[in-house]
Amino acid sequence: RTGLLGGVKGHLGSGAIIFMIRWFLSQQLLDHPDVLNQYEQFVITRADHYYQCPHEYTTLDLSNNTVWIPQGEAYGGVTDRHLIVSRANILDTLDIFPTLFQQRDEQLQDWIAVGTPESILKRVWTSKGLNVRRMKRVMFTCATPLDTSRWKRAKGEVPGVPGLLKKYESEYDQTQQNCPTL
C-alpha cells in the first residue's frame with residue numbers, strides 16, 4: 001500500500017528494491033575500502049534521470065553531516081531518487097533496512113505504518129544525525145514508450161526530445177523552472 005515493501009511479492013512500488021540495492025552498495029564499499037577512500041563525495045542516483053542543465057554537485061557544502069537531495073517528490077519524507085553525500089556519511093545514508101529492523105517492535109510497527117520509502121528514509125537519516133538540504137532540481141525521471149514500471153507509467157512527451165516521456169510531471173515542471181528550456 002505504501003510502497004515500502006515494493007519488490008516483495010504482493011506489494012506495489014520499489015521501496016524494498018531501492019533499500020536492498022543501497023545495502024548491497026554499502027557492503028561493496030565496506031568490502032573495497034580503496035573505492036570508498038578514493039572519493040570525497042558520492043552521488044547516488046537513477047539511470048532514468050534526464051539532466052536538463054549542469055548538475056553542479058561539486059559546489060555543495062557537505063560539512064556538518066549534510067546530505068543534499070533535489071527539491072520535490074518527498075511523500076512525507078525525503079526523496080529517495082537522488083542524493084549527494086560526503087565519504088564520511090555515505091554508509092549512513094545507505095544503511096536503511098538494517099537501521100529500520102533494529103528498532104524496538106512497537107517503534108518498528110509505527111515506522112512501517114506510515115512507511116512510504118521517503119518517510120522511512122527521513123526517519124533513519126534523522127536518527128543518524130544527518131542534515132538534509134534541498135537543492136534546485138536539474139533533472140527529471142523519464143522513460144521511453146517501451147519501458148515498464150512497478151509503480152507509475154510515464155506519459156507526456158518531453159518537448160524537443162523525440163521518444164522521451166515524463167514520468168513525474170512535478171519533477172519535470174521544477175526542472176523547467178530551474179533550467180533553460182530545451
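Student: Which residues make the nonpolar surface patch of about 310 Å²?
Tutor: Patch members have over 30% relative accessible area and no salt bridge; like charges are joined within 9 Å, and nonpolar side chains (Val, Leu, Ile, Met, Phe, Trp, Tyr) within 5 Å. A salt bridge here is a side-chain nitrogen of Lys or Arg within 4 Å of a carboxyl oxygen of Asp or Glu, and accessible areas come from the Shrake-Rupley method with a 1.4 Å probe, where only the protein chains shown count as cover for residues. The patch of about 310 Å² is made by Met20, Trp23 and Phe24.

Student: What pLDDT do side-chain atom pairs need to count?
Tutor: Residues are numbered from 1 along each chain as its sequence is written, and side-chain values use heavy atoms, with hydrogens and water left out. This is a predicted model, in which totals for chains, interfaces and linings use all residues, local features need pLDDT of at least 70, and side-chain atom pairs need pLDDT 80 or more.

Student: Is tryptophan 23 buried, partly exposed or exposed?
Tutor: Tryptophan 23 sits in helix α1; helices (H or I, at least four residues) and strands (E, at least two) are DSSP runs numbered from the N terminus. Buried means under 20% relative accessible area, exposed over 50%, and partly exposed in between (1.4 Å probe, protein chains only). At 34% relative accessibility, tryptophan 23 is therefore partly exposed.

Student: How many helices and strands does the protein have?
Tutor: Read along the sequence, the pattern is α-α-β-β-β-β-α-α-α-α-β-β-β-α. That comes to seven helices and seven strands.

Student: Which residues have the most contacts inside the largest nonpolar core?
Tutor: A nonpolar core is a set of buried Ala, Val, Leu, Ile, Met, Phe, Trp, Tyr and Cys residues joined through side-chain atoms within 4.5 Å. The largest one has 22 residues, and those with the most contacts inside it are Phe19, Val67, Leu83, Ile90, Ile96 and Trp125.

Student: Which residues does isoleucine 90 touch beyond four places in sequence?
Tutor: Contact means heavy atoms within 4.5 Å. Leaving out residues up to four places away, isoleucine 90 touches Leu29, Leu36, Phe42, Ile44 and Val85.

Student: How is the pair of tyrosine 39 and phenylalanine 42 arranged?
Tutor: A pair of aromatic rings is described by the distance of the centres and the angle of the planes. Rings of Phe, Tyr and Trp (its six-membered ring) pair if their centres lie within 6.5 Å; planes under 30 degrees apart count as stacked, over 60 as edge-to-face and the rest as tilted. Tyrosine 39 is partly exposed at 40% relative accessible area, whereas phenylalanine 42 is buried at 11%. Their centres are 5.9 Å apart with 70° between the planes, so the pair is edge-to-face.

Student: Which residues do ring pairs link into a cluster?
Tutor: The structure holds three aromatic pairs. Ring pairs link into a cluster the residues Tyr50, Phe140 and Tyr172.

Student: Is serine 86 buried or exposed, and what is its relative accessible area?
Tutor: Serine 86 has its place in strand β4. Beyond four places in sequence, serine 86 is in contact with Glu40, Gln41 and Leu62. Serine 86 is buried, with a relative accessible area of 11%.

Student: How far apart in space are alanine 154 and cysteine 142?
Tutor: Alanine 154 lies in the loop between β6 (139–143) and β7 (165–166), and counts as buried at 18% relative accessibility. Not counting residues up to four places away, alanine 154 touches Ala143, Leu165, Lys166 and Lys167. Alanine 154 and cysteine 142 are 12 residues apart in sequence, and their C-alpha atoms are separated in space by 6.9 Å.

Student: What is the phi of asparagine 64?
Tutor: Asparagine 64 is in the loop between β2 (49–51) and β3, and is exposed with a relative accessible area of 63%. Asparagine 65 is found in that loop too, partly exposed at 35%, with a positive phi near 60°. Asparagine 64 is a residue other than glycine with a positive phi, near 60°.
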